Amino acid sequence: MQQIPGAWQRTARGAGLLAPDGSSVPTIFAEMSALATATGALNLGQGFPDQNGPEAVMDAARRAIADGVNQYAPGRGFPELLAAIAEHQQRFYGISLDPAREVLVTVGATEGLAATLLALVDSPDDEVVVFEPYYDSYAACVALSGARLVPVPLRWPDFQPDLERLASAVSDRTRVILVNDPHNPTGTVFSREVLDEIVRLAHLHDAVIVTDEVYEHLVFDGPHVPIATLPGAAERTLSISSAGKTFSLTG
Ligand SMILES: Cc1ncc(COP(=O)(O)O)c(C=O)c1O
């Protein structure tokens, strides 16, 4: 098909998915999943389980559809779901939220991330700080928004960022510090020192902290600590979770 110019091009370029001839190439996920299917290999390329998710959740979904929950949902999400999400935050983290004002349902964390970045970033002078390696949709959304991606590397062997490097990456141009904790693909959990520094820098430079906590329930040592629970963080933090990851039902 003829390549029609548009915002998709800078989005694809930002994610490293624009071929030299101007066409788009598949994401690493599509490429690896296709190869795993073709060769029968175990697929470690994309974050979904090789077996069905929990029966109870699948039953509840089937029942809900059969019982009439099958038309447009309110834009923010069904009140029952908003209340359940607020209850989750209270039960696991002691975070109190008003479900009617402080919770939003999106189609996966990926839509939540896209909506958040497009809402908060609006100029080519804006910067979004991310920790590298990162989920490829970050670069695509930041490129779509027209802003600049500022990666801070995670370092072997514990994959924590260097605090000086982090401090020099955040400036008054930083609109968003995007924190994926627990982190994919390294599996690291940010130290308290790193989380404190992110909050300090966000205050110092008036940046918003956006979290990607889709792996919050896959922590092996100790409970997950959402950055929103740190002193002074909640008022400038937008936390993103994923029912797909939590319930092992990514479809
Ligand atoms: C770090 C990270 N965030 C978000 C997602 C996607 O979450 P969702 O399926 O809820 O859009 C993934 C999927 O692999 C991921 O690795």
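Guide: P157 has its place in the loop between strand 2 (148–155) and strand 3 (160–161). The model is predicted.

Visitor: Which form does the peptide bond from W156 to P157 take, and what is its omega?

Guide: That bond is cis, and its omega is near 5°. A cis peptide bond also joins N184 and P185, with omega about 15°.

Visitor: Where does P185 lie?

Guide: P185 is in the loop between strand 4 (174–180) and helix 9 (192–204). Follow the chain on to the loop between helix 9 and strand 5 (208–212), and you reach D206.

Visitor: Now the helices. What describes two packed helices?

Guide: The description uses the angle between the two axes and the distance between them. Take helix 6 (residues 108–120) and helix 7 (residues 136–145): their axes come within 9 Å and cross at roughly 30°. An angle under 35 degrees counts as roughly parallel, and helix 6 and helix 7 are therefore roughly parallel to each other. Their crossing is right-handed.

Visitor: Which residues of helix 6 and helix 7 meet?

Guide: From helix 6 come T110, L113, A114, L117 and L118; from helix 7 come S137, Y138, C141, V142, L144 and S145. Sorted by class, this contact of helix 6 with helix 7 holds eight nonpolar and three polar residues, and no charged ones.

Visitor: At what angle do helix 1 and helix 7 pack?

Guide: Helix 1 (residues 7–14) packs with helix 7 at an angle of about 140°, and the axes are 7 Å apart. Roughly antiparallel would need an angle over 145; helix 1 and helix 7 are therefore oblique to each other. The crossing of helix 1 and helix 7 is right-handed. On the helix 1 side the contact is made by A7, R10, T11 and G14, and on the helix 7 side by A139, A140, A143 and L144. Its residues divide into five nonpolar, two polar and one charged.

Visitor: Last topic: what shows where empty space is left?

Guide: Rolling a probe the size of a water molecule over the atoms shows this. In this model the count comes to one cavity of 30 Å³ or more.

Visitor: What is the volume of the largest cavity, and which residues line it?

Guide: The volume of the largest cavity is about 30 Å³. Its lining consists of V179, D181, T211, E213, H224, V225, P226 and I227. By class, that lining has four nonpolar, two polar and two charged residues.

Visitor: How much space lies in the second largest pocket?

Guide: The second largest pocket holds about 180 Å³ of space. Its lining has 13 residues, and of these Y215, L218, K245, T246 and S248 lie nearest the centre of the pocket.

Visitor: How do the lining residues of the second largest pocket divide by class?

Guide: Five are nonpolar, six polar and two charged.

Notes: Residues numbered from 1 in each chain as written. Predicted model: local features only at pLDDT ≥ 70, side-chain atom pairs only at ≥ 80, totals over all residues. Heavy atoms only, no water. 1 Å grid on protein atoms, 1.4 Å probe; cavity = no way out; pocket = protein on both sides within 12 Å on 5 of 7 lines; lining within 4 Å. Points joined across faces, edges and corners; volume = space filled by probe spheres on them. Nonpolar A, V, L, I, M, F, W, Y, C, P; charged D, E, K, R; others polar. Axes fitted to C-alpha atoms, helices over the stretch in contact; angles between N-to-C directions. Helix = DSSP H or I, 4+ residues; strand = E, 2+ residues; numbered from the N terminus. Parallel < 35°, antiparallel > 145°, perpendicular 65-115°, else oblique. Left-handed = near helix turned anticlockwise from the far one by under 90°. Contact = heavy atoms within 4.5 Å.
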